[in-house]
Amino acid sequence: MNKERLVAFTDAVLAIIMTILVLELEKPEHISWQGFWNLRMNFLAYTISFFWLGTMWVNMHRSWDGVKQINNKLVWISILLLFFASFFPYVTIIVASDFYNPVGQAVYGIIVLLVTLTNVWMYDELSKVSIHHDKDREIIINHNDKVMALDVAIKVVGLILTLTFLPSAMMWSVFITALFLIVPRSIKD
């Protein structure tokens with residue numbers, strides 16, 4: 001099957017998810033600098049979620065560019081990925097409303113890990129479908145290298161720290177992996 005419909009669908013769903021993120025932002029009680037400052041954790045949660053989803057979109061397009069055809073399994077993996085990603089507005093507003101709540105952070109972390117692990121599965125399946133050039137296959141395979149393992153490990157550590165003694169660790173682990181692992185890799189090509 002041709003990839004264009006799935007790519008267009010993925011683009012549309014991610015665009016909607018990212019739009020809903022901003023619509024869920026809390027408004028200040030009083031329009032003042034202090035009112036906006038009081039919502040700084042809301043903006044932080046929104047920013048981390050938005051750029052994490054944006055980075056996922058950039059990396060998906062980079063990897064999918066060389067793909068000629070996809071299979072049914074890849075379609076369903078993508079649907080599962082979008083299902084988990086669709087929870088981002090919900091879990092982001094939960095974290096934004098009580099940034100230091102370990103349960104909210106843990107639920108956010110579970111969604112992050114589900115999206116991350118589904119992404120790893122998707123890249124593994126992408127490496128098996130029809131590719132235009134060997135260079136394109138190499139780009140896809142490199143997504144499942146040690147960096148992805150480190151990415152998952154940091155997020156798992158963040159979840160453990162969130163559940164034990166540092167409630168905000170999950171959000172910070174997502175920020176750290178995006179800033180130091182994922183974004184630099186997507187910029188260099």
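**Trp-64 and the nonpolar core**

In this predicted model, Trp-64 is in contact (heavy atoms within 4.5 Å) with Lys-3, Leu-6, Val-7, Ile-70, Leu-74, Ser-78, Met-122 and Leu-126, leaving aside neighbours within four places in sequence. Trp-64 is also among the residues with the most contacts inside the largest nonpolar core, together with Leu-53, Phe-88, Tyr-108 and Val-115; this core has 46 residues. A nonpolar core is a set of buried Ala, Val, Leu, Ile, Met, Phe, Trp, Tyr and Cys residues joined through side-chain atoms within 4.5 Å. Buried means under 20% relative accessible area, exposed over 50%, and partly exposed in between (1.4 Å probe, protein chains only).

**Helix H9**

Helices are DSSP runs (H or I, at least four residues), numbered from the N terminus. H9 bends by about 40° at Ala-178, the bend being the angle between axes fitted to the seven residues ending there and the seven starting there. Among the buried residues of H9 are Met-170, Val-174, Ala-178 and Leu-181.

Trp-172 and Phe-175 lie three residues apart in H9, about one turn of the helix. Trp-172 counts as partly exposed at 34% relative accessibility, and Phe-175 is partly exposed at 33%. With Phe-99 and Tyr-100, these two residues form one aromatic cluster.

**Basis of the values**

Residues are numbered from 1 along each chain as its sequence is written, and side-chain values use heavy atoms, with hydrogens and water left out. Because the model is predicted, local features need pLDDT of at least 70 and side-chain atom pairs count only at pLDDT 80 or more, whereas totals for chains, interfaces and linings use all residues.

Notes: Helix = DSSP H or I, 4+ residues; strand = E, 2+ residues; numbered from the N terminus. Phe/Tyr/Trp six-rings, centres within 6.5 Å; stacked < 30°, edge-to-face > 60°.
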